Amino acid sequence: QVQVLESGGGLVQPGGSLRLSCAASGRISSINSMGWHRQVPGKQRELVAVIATGGSTRYVDSVKGRFTISRDAAKNTVTLQMNSLKPEDTAVYYCNVNAYSDIGLATFWGRGTQVTVSS
């Protein structure tokens, strides 16, 4: 069993910053990648940022230059630093972990954390 737990969401004014954190625990053999998706009601969940084992990163165009993803491989944690937040960043943010566990290679998801950008 693998557990994924997010923290750090909340309410922030436009132009502000938030930091999301995610920790993976349980029967993990190795992690391929960790990342963040987001979803608003009525829309599909979209990839925000992902970081692979080697450190390579990928971002959705709308957050490039504003968000930074980083990872502590020793602790199985990933952080999303979000700066210059905009109202359109409002969503539930989900952490996902692509990892080998006792069930083989799978993607595990957290329950999500709400980010609201509003004045």
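Hi everyone! Please keep in mind that we are looking at a predicted model.

Let's start with the strands. Strand S1, residues 2–7, runs antiparallel to strand S3, residues 18–26, and six bridges join them. If you want a place to look, find Ser7, which stands opposite Ser21 in S3. S3 also pairs with strand S8, residues 77–82, again in the antiparallel sense and over six bridges. Here, Leu20 has Leu80 in S8 as its bridge partner.

Hold on to Leu80, since we meet this residue again in the core. In soluble globular proteins, nonpolar side chains tend to be buried together. In our model, the largest nonpolar core has 31 residues. Which residues have the most contacts inside that core? They are Trp36, Leu80, Met82 and Tyr93. The strand that gives the most to this core is S9, residues 91–101, with five residues.

So what does Leu80 touch, if we leave aside its neighbours within four places in sequence? Its contacts include Leu18, Leu20, Trp36, Val48, Phe67, Ile69 and Tyr93. Notice that Leu20, the bridge partner of Leu80, is among these contacts.

Note on methods. Residues are numbered from 1 along each chain as its sequence is written. This is a predicted model: local features need pLDDT of at least 70, side-chain atom pairs count only at pLDDT 80 or more; totals for chains, interfaces and linings use all residues. Side-chain values use heavy atoms; hydrogens and water are left out. A nonpolar core is a set of buried Ala, Val, Leu, Ile, Met, Phe, Trp, Tyr and Cys residues joined through side-chain atoms within 4.5 Å. Buried means under 20% relative accessible area, exposed over 50%, partly exposed in between (1.4 Å probe, protein chains only). Helices (H or I, at least four residues) and strands (E, at least two) are DSSP runs, numbered from the N terminus. Contact means heavy atoms within 4.5 Å. Two strands pair if DSSP finds at least two bridges between them.
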